[in-house]
Amino acid sequence: MPYFVYKITSGSTGALKDLELIDRFEEYRSARNFAREQRAVVGQDSRTAIKMIFAKDELEAEQRLREPRSAPILREWEK
């Protein structure tokens, strides 16, 4: 299964996400290095993120990137 690198731009409310496939790789190391380079180019823009995801095809990758993630549970000592 390949690795996909996406540029994700969120709207002003943060609810809508615009996904743009930048590239796909067969090797983890190549995908990781490319994602790091792209993050350096994008910089600290709060509305843009570069994500790498492992999926069988583009459709699955985009579905996984769009699904909401639950917030992590904070333990008492982490507060």
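**Close-up views of side-chain pairs and a buried strand residue**

**View A. Phe54 is partly exposed, at 35% relative accessibility.** The model shown is predicted. Three aromatic pairs occur in the structure. One of them joins Tyr3 and Phe54, with ring centres 4.8 Å apart and 40° between the planes. Distant parts of the chain are linked here: Tyr3 sits in strand β1 and Phe54 in strand β3 (residues 48–54), 51 residues apart. Ring pairs also bring in Tyr28, giving a cluster of Tyr3, Tyr28 and Phe54. Is Tyr3 buried or exposed? Tyr3 has 16% relative accessibility, so Tyr3 counts as buried.

**View B. Phe25 and Phe34 form a tilted aromatic pair.** The ring centres lie 5.3 Å apart, and the planes make an angle of 50°. Phe25 is buried, with a relative accessible area of 15%. Phe34 is buried as well, at 17%. Both values fall under the 20% cut-off for a buried residue.

**View C. Arg24 and Glu26 meet in a salt bridge through their side chains.** The distance from N to O is 3.8 Å. That lies within the 4 Å limit, so the contact counts as a salt bridge. How many salt bridges does the structure hold? It holds one. Side chains of opposite charge can pair when their charged atoms come close. How accessible are the two partners? Arg24 is partly exposed, with 42% relative accessibility. Glu26 is exposed, at 57%.

**View D. Ile8 is a buried residue of strand β1.** The strand runs over residues 3–10. Relative accessibility is 9% at Ile8, so this residue counts as buried. Which residues does Ile8 touch, leaving aside those up to four places away in sequence? Its contacts are Lys17, Asp18, Leu19, Arg47, Thr48, Ala49, Lys51 and Leu65. Leu21 is given here by a C-alpha to C-alpha distance: 8.8 Å from Ile8 in space, at a separation of 13 residues in sequence.

How values were computed: Residues numbered from 1 in each chain as written. Predicted model: local features only at pLDDT ≥ 70, side-chain atom pairs only at ≥ 80, totals over all residues. Heavy atoms only, no water. Buried < 20%, exposed > 50% of the residue type's maximum accessible area, 1.4 Å probe, protein only. Helix = DSSP H or I, 4+ residues; strand = E, 2+ residues; numbered from the N terminus. Contact = heavy atoms within 4.5 Å. Phe/Tyr/Trp six-rings, centres within 6.5 Å; stacked < 30°, edge-to-face > 60°.
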